[in-house]
Amino acid sequence: MKTYLAIVACLLCMNLSQAQNISLRGKVVDTDNNPIPFTNINIEGSRIGTATDMDGRFELNLPQGDYTIIASSMGYESTRVTVHLTTDSSKELLIRLTQSNEALSEIEVFGNRYEHPDKIEALTRLPLEPYNQIQSISIISEKLIEQQGNLTISEATKNVPGVYTFATYGNRRESMSSRGFRGIPILKNGVRVHSDFRGVGILTDMQGVDNI
């Protein structure tokens with residue numbers, strides 16, 4: 001009976017020893033030994049992971065065994081480090097990442113639905129934001145003008161509901177209509193210009209036009 005109890009006690013001790021977690025600490029730096037914050041630290045083949053703090057440090061608690069640590073950060077080459085954890089002591093790593101030569105994908109952010117266009121008060125006669133106006137307002141941005149390759153105002157406004165070209169005169173002058181009204185008022189930098197082909201027309205150079 002005493003022998004049996006001794007064997008059970010030994011088995012329990014072994015199980016407790018195997019279940020004990022080991023602290024894996026480390027620091028991620030670049031080639032100039034500057035810390036790299038917010039680096040992703042993952043254990044290969046598992047869902048265990050963490051991220052470095054502002055000082056580039058991280059900590060994981062893992063059972064003893066062999067692990068492959070994957071360190072990755074935007075703008076740097078991913079690095080794999082193999083570690084062997086035992087119950088004897090904790091492990092501390094120094095992971096060095098090199099900058100990637102691959103260019104990051106271009107991200108374009110433009111437009112703001114609440115942006116206040118210049119000279120809008122001269123058109124609406126009300127000092128309100130576009131989303132508070134009682135009129136129907138369509139704003140054609142510089143980015144859209146560039147993407148469509150617009151050369152004239154009539155080309156830029158062709159996708160605005162209710163606005164269309166009424167007539168042209170030798171492709172040098174033009175007249176636009178809006179919802180059936182011919183020769184609609186047009187302001188350039190807040191100053192009204194002739195908007196009918198019988199006068200000067202509105203055919204103008206689109207170079208430098210920020211928005212319509």
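Patches are made of residues with over 30% relative accessible area and no salt bridge, nonpolar side chains being joined within 5 Å. In this predicted model, L126, L128 and I134 make a nonpolar surface patch of about 270 Å².

**Nonpolar patch**
- I134, one of the patch residues, is placed in the loop between α2 (120-124) and α3 (142-148), and with a relative accessible area of 75% I134 is exposed.

- Strand β2 (residues 40-43) pairs with β3 over 3 bridges in the antiparallel sense, and A51 in β3 is the bridge partner of N40.

**Salt bridges**
- R25 and E59 meet through their side chains at 3.8 Å, N to O, linking strand β1 (residues 21-29) to strand β4 (residues 57-63) across 34 residues; R25 is partly exposed at 36% relative accessibility, as is E59 at 43%.
- R80 and E44 form a salt bridge with their closest N and O atoms 3.3 Å apart; R80 lies in strand β6 and E44 in the loop between β2 and β3, so the pair ties together parts 36 residues apart in sequence.
- R57 in strand β4 and E92 in strand β7 (residues 91-96), 35 residues apart, meet in a salt bridge at 3.9 Å, N to O; R57 is partly exposed at 40%, whereas E92 is exposed at 56%.

Terms used. Residues are numbered from 1 along each chain as its sequence is written. This is a predicted model: local features need pLDDT of at least 70, side-chain atom pairs count only at pLDDT 80 or more; totals for chains, interfaces and linings use all residues. Side-chain values use heavy atoms; hydrogens and water are left out. Two strands pair if DSSP finds at least two bridges between them. Helices (H or I, at least four residues) and strands (E, at least two) are DSSP runs, numbered from the N terminus. Patches are made of residues with over 30% relative accessible area and no salt bridge: like charges are joined within 9 Å, nonpolar side chains (Val, Leu, Ile, Met, Phe, Trp, Tyr) within 5 Å. Accessible areas come from the Shrake-Rupley method with a 1.4 Å probe; for residues, only the protein chains shown count as cover. A salt bridge is a side-chain nitrogen of Lys or Arg within 4 Å of a carboxyl oxygen of Asp or Glu. Buried means under 20% relative accessible area, exposed over 50%, partly exposed in between (1.4 Å probe, protein chains only).
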